[in-house]
Amino acid sequence: MSDGSESELLRLAAEGDQESLGALFERHGARLRRMVGLRLDARLHARISASDVIQETYLDASARLADYLRAPAMPFYLWLRFLAGQKLVTLHRKHLGAQMRAAGREVSLYRGQLPEASSAALAAQLLGHDTRPSEAAIRAELKIRLQEALNSMDPLDREVLALRHFEQLSWAETAQTMEISEGAASKRYVRALKRFKAILSGMPGGQEGLWP
């Protein structure tokens, strides 16, 4: 197995080297887990874990790798992300059905439907996870404020924040995902961030307690 470039690992994986394919999965595992964690509906957490979704994604990717390599229309990570998105949509529709309209909405991005990033998951990411028990009530209040601000945003504005800030996609990846230019993606992100902060500022409590 090579520890080299992604193109080299893909070449070896195409020749049947399972270690190279595993190395590719490991290389992108953290980002894929963040993506799934933001979009897996909270009502399914008791039945389905992010690890379950990722494992199914890897099995699908292994089976479809030859087709992908014959005509790669996107970078390998974005392809993995696309497959994971398909898994999430299938799981949401299977387990939630009509309930999706209320709380499991989808956005039309990336050549197909993808579950929206959960405002609760985004708010939790913004707050972080290192909180003392004495601060639990304050944290809960701040989380509600963040969720309300996120829910009041245009879905695509919220999505560009999720892609760039939370999933940590590059500008090139964000642009390809949204099917716009890198310059347009950058402008949309800056505009969305300003709108988010403006919404927070207009709410009771404003941005107090959220940032230094």
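**Close-up views of a predicted helical model**

In the protein chain, residues 24 or more positions apart account for 64% of the contacts with a separation of 6 or more. The model is a predicted one.

**View 1. The protein chain has 10 helices and 2 strands.** Read along the sequence, the elements come in the order α-α-α-α-α-β-β-α-α-α-α-α. The chain holds 212 residues, and 43% of them count as buried.

**View 2. The largest nonpolar core is made of 53 residues.** Val-36, Leu-65, Phe-76, Trp-79 and Phe-196 are the residues with the most contacts inside this core. At least two core residues come from each of α1 (6-14), α2 (18-39), α3 (50-70), α4 (76-96), α6 (119-127), α7 (136-151), α8 (155-166) and α10 (182-201). The most is given by α4, which supplies 11 residues.

**View 3. Val-36 is among the residues with the most contacts inside the largest nonpolar core.** With its neighbours within four places in sequence left aside, Val-36 is in contact with Ala-50, Val-53 and Ile-54, and also with Ala-84 and Leu-88.

**View 4. Leu-78 lies in helix α4.** The residue is buried, and its relative accessible area is 0%. Leu-78 and His-28 are 50 residues apart along the chain, and their C-alpha atoms are separated by 9.9 Å.

**View 5. Helix α1 has the buried residues Leu-9, Leu-10, Leu-12 and Ala-13.** Seen down the axis of α1, these buried residues fall within an arc of 165 degrees, so they line one face of the helix. An α-helix has 3.6 residues a turn, so residues three or four places apart point the same way. The buried residues of α1 pack against α2, α3 and α4. On the face turned away from the buried side, α1 carries the exposed residues Ser-7 and Ala-14. After α1 comes Gly-16, with a positive phi near 100 degrees.

**View 6. In helix α6, Ser-119, Ala-121, Leu-122, Ala-123 and Ala-124 are buried.** The helix is followed by Gly-128. The phi of Gly-128 is positive, near 80 degrees.

**View 7. Lys-143 of helix α7 is in contact with Ala-120, Ala-123, Ala-124 and Leu-127, its neighbours within four places in sequence being left aside.** Two of these contact residues, Ala-123 and Ala-124, are listed among the buried residues of α6. Lys-143 and Ala-124 are 19 residues apart in sequence, and the distance between them in space is 6.7 Å, C-alpha to C-alpha. Lys-143 itself counts as partly exposed, because its relative accessibility is 29%.

**View 8. The axes of helix α9 (residues 171-178) and α10 come within 8 Å.** The two axes cross at roughly 95 degrees, which makes α9 roughly perpendicular to α10. From α9, the contact is made by Trp-171, Ala-172, Thr-174, Ala-175 and Met-178. From α10, Glu-182, Ala-185, Ser-186, Arg-188 and Tyr-189 take part. Sorted by class, the contact of α9 with α10 has 6 nonpolar, 2 polar and 2 charged residues.

**View 9. Gln-168 lies in the loop between α8 and α9.** Its phi is near 60 degrees, a positive value in a residue other than glycine. Gln-168 counts as partly exposed, because its relative accessibility is 47%.

**View 10. Glu-179 lies in the loop between α9 and α10.** For Glu-179, phi is near 60 degrees, a positive value in a residue other than glycine. With a relative accessible area of 51%, Glu-179 is exposed, since the cut-off for exposed is over 50%.

Key. Residues are numbered from 1 along each chain as its sequence is written. This is a predicted model: local features need pLDDT of at least 70, side-chain atom pairs count only at pLDDT 80 or more; totals for chains, interfaces and linings use all residues. Side-chain values use heavy atoms; hydrogens and water are left out. A nonpolar core is a set of buried Ala, Val, Leu, Ile, Met, Phe, Trp, Tyr and Cys residues joined through side-chain atoms within 4.5 Å. Buried means under 20% relative accessible area, exposed over 50%, partly exposed in between (1.4 Å probe, protein chains only). Helices (H or I, at least four residues) and strands (E, at least two) are DSSP runs, numbered from the N terminus. Contact means heavy atoms within 4.5 Å. The arc is that of the directions from the helix axis to the C-beta atoms. Axes are lines fitted to C-alpha atoms, for helices over the stretch in contact, and angles run from 0 to 180 degrees between N-to-C directions. Angles under 35 degrees count as roughly parallel, over 145 as roughly antiparallel, 65 to 115 as roughly perpendicular and the rest as oblique. Ala, Val, Leu, Ile, Met, Phe, Trp, Tyr, Cys and Pro count as nonpolar, Asp, Glu, Lys and Arg as charged, and the others, Gly among them, as polar.
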